[in-house]
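Thank you all for coming; I would like to walk you slowly through one chain today.

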Amino acid sequence: MELILLIKNGERKGLTLSLLTLPNQGPTIQWLKEDEVIEFQLTAPPKFTSATIELYEHKIEFSQRNTNVVNDNVQFIWQPSSSTYNAREACLFINFFGIAELNISLVTDNLAPVIEYFEPIEILASKTNATRVGKMFDFLAKVPGEALHSVFRTTRHSLGFEDGTRSPDFTLEKLEHVRDVLQHTLPSILYRPITRLIPEQRIIPTTGREDLDDSSIGWLLENASLLSETDNLYDAHFKFNSNFYRASAVQLAILKENTDLYENQVIHGFVTSLLIEAQNLFSQYSFDKKNSRASQSNMPLGYISFFEKISKFKKLLIGNQKSRCEKLIDSLKRIKLQLDSKLTVRLHISDSPIITPKVQVNHDYRLLFIEILKWHEKGKPDWSAYDNLFAIQSIPKLFEAYCYFRTAKILNNLFSPNDSDIIPTQFINKHGLEIWLRREPVYWMSGHLKSINESFVNSEGWTIEANKNIKTRGKVGAYANRSPDIVIEVFSQESENIMLILDAKYSTAKTSFITYLPQLTMKYVHGIHRSKNGAAIVKSLTILHPSEDETLRDFHCGPFDLFGKSPASPSLICLGVTIESSHQEDKLEKLIQQLFIANNIEVGCATETLTTQFQPFDEGLS
């Protein structure tokens, strides 16, 4: 099959692109501009009655089905959603950045759907969006690695990692630590290793003073040519028929220190395992998952390829780790050479070791074996965070992550002012209030199995479908919930718990205020309540959207807005967020602090209170 893309606007209006079904594909990746309006066309056998385009999370039903085309086939057409081809709503790929992978689900009356997968196409971003993407990636590149992993890993938990997994950066740091321990302990171990004395048969020149045992005499009898008569009783090795005989060479059992012991086999196996782990880390850090085919070189003026940005981001994020891996591998190879030459063994043991009595009484061996045991307790590196991070192809998703980390840094400034690279998500202020920052928490419908024992539930009773029909909201299934982008939960032992919700929308200030603020007010402010008594807990909803001037629109007027004398509750606000890699004057921070002030929550940690007082926004912003 062949999927035809007809461009309906702009400089390339009327141009058609053709995508083949996989595994068929051309030598280069074709491209579309994000703001081009596309009509899709597919010719298929007449048995198919319905067709749906599937693009990641989006499903688009066909607009038109034509019969009696060539060879009695049918043609499915997907027309743009708007008759105004310059409208952003008609652009399927608006704010999409990177490689788009399309598939079409074809349905017959009686059989299961047939899925056809088509070759990928690259979506080019406008220069404005590409600049914003670059700044967001620059900002994320400065976020500590463990904080990034807590957000982007496939299986997220509110605290730490799933049992048995660690971030690659954690594994690299552990490798470097163990390497340092090896470099500290090995000189002593190689100077005085654990050994055992074993007899080794050697043929040596004689002096006549050797003590011969039965095996030596037996060897001489087999090598009688080495014997000669001597007159010197003291040089003779034995007497036969009144004659004294002396051997020019003899085989003797010489005691030798042997290092081929369990304890040393463990060290060899451990160093080999470390080297393999370091090489695997380097390979993963270096692996480029982008499509092996080259994009077409004739990119349009004013548009930028995703790979240019992601390559720069990847270099910023993991370039240092790659160089650290290279140094680590070199040092481990040198250690292995030392072991091979000075601590020879015939077997390498890579399993978790046993602390033997000999190890127990040897300080350097004991120190090293403890590190080996700790190493075996670590989990495997979890690469899902890097995979998910580098797989971001939707600018709105990137904007959500950007806003989350902006909020996380702000809360750390307000409640944990220090220069640490760690970004905690739980805080306690001086009055004992617990403040939790959550990304995309899930609040299940009341009555859903997963809502049992939950403090907060989704309380909506009705759902408005795309065709404007109204139906009872379901209480089963994976989608019976609400999940805001960013939630600040405040817990108190003495008063009611509250939520401050921020939702990131990569949209305009106008759309954010007219469309998203009313929609999310119904979904979150009026749709999330305490499960025990139905109490309203959402005290504010803030829509964050990109803006160059950080404009703020408060739903309430005059004295009732957030910075007024009598702030209304809940506060309903749209705030324009400047996208920069660093922030000096941060009006988002002023807003979040004012939300705490309006809800009688004092900033500052349990042992220290911030003294900086933020002034209200400049005149005209509120």
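Let me begin with a question: through how many residues does a hairpin join E11 to E12? The hairpin that joins E11 to E12 has six residues, and I will come back to these two strands in a moment.

Before that, a word on what we are looking at. This is a predicted model, in which local features need pLDDT of at least 70 and side-chain atom pairs count only at pLDDT 80 or more, whereas totals for chains, interfaces and linings use all residues. Residues are numbered from 1 along each chain as its sequence is written, and side-chain values use heavy atoms, with hydrogens and water left out.

Now the overall picture. The chain has twelve helices and 35 strands, where helices (H or I, at least four residues) and strands (E, at least two) are DSSP runs, numbered from the N terminus. Of its 622 residues, 47% count as buried, and here buried means under 20% relative accessible area, exposed means over 50%, and partly exposed lies in between, with a 1.4 Å probe and protein chains only. The chain exposes about 32500 Å², of which carbon and sulfur atoms supply 50%; such areas come from the Shrake-Rupley method with a 1.4 Å probe, and for residues only the protein chains shown count as cover. If we take the contacts (heavy atoms within 4.5 Å) in the chain with a separation of 6 or more, residues 24 or more positions apart account for 74% of them.

Is Ile115, then, buried, partly exposed or exposed? Ile115 counts as partly exposed because its relative accessibility is 33%. Together with Leu22 and Tyr117, Ile115 forms a nonpolar patch on the surface, with about 270 Å² of accessible area; patches are made of residues with over 30% relative accessible area and no salt bridge, like charges being joined within 9 Å and nonpolar side chains (Val, Leu, Ile, Met, Phe, Trp, Tyr) within 5 Å.

That brings me to the salt bridges, each defined as a side-chain nitrogen of Lys or Arg within 4 Å of a carboxyl oxygen of Asp or Glu. A search of the whole structure finds 15 of these salt bridges. In one of them, the side chains of Arg324 and Glu176 meet at 2.8 Å, N to O. Arg324 lies in helix H6 (residues 306-342) and Glu176 in helix H3 (residues 168-191), so the pair ties together parts that are 148 residues apart in sequence. Arg324 is partly exposed at 22%, whereas Glu176, at 16% relative accessibility, counts as buried.

Another salt bridge brings together Lys539 and Glu496 (3.3 Å, N to O). Lys539 sits in strand E33, while Glu496 is in the loop between strand E30 (486-491) and strand E31 (498-504), 43 residues apart. Lys539 counts as buried at 17% relative accessibility, and Glu496 is partly exposed at 46%.

I will end in strand E33 (residues 538-546), which also holds Thr542. Thr542 counts as buried because its relative accessibility is 0%. Leaving aside neighbours within four places in sequence, its contacts include Ile501, Leu502, Asp503 and Ile573.

Definitions and conventions. Pairing = 2+ DSSP bridges.
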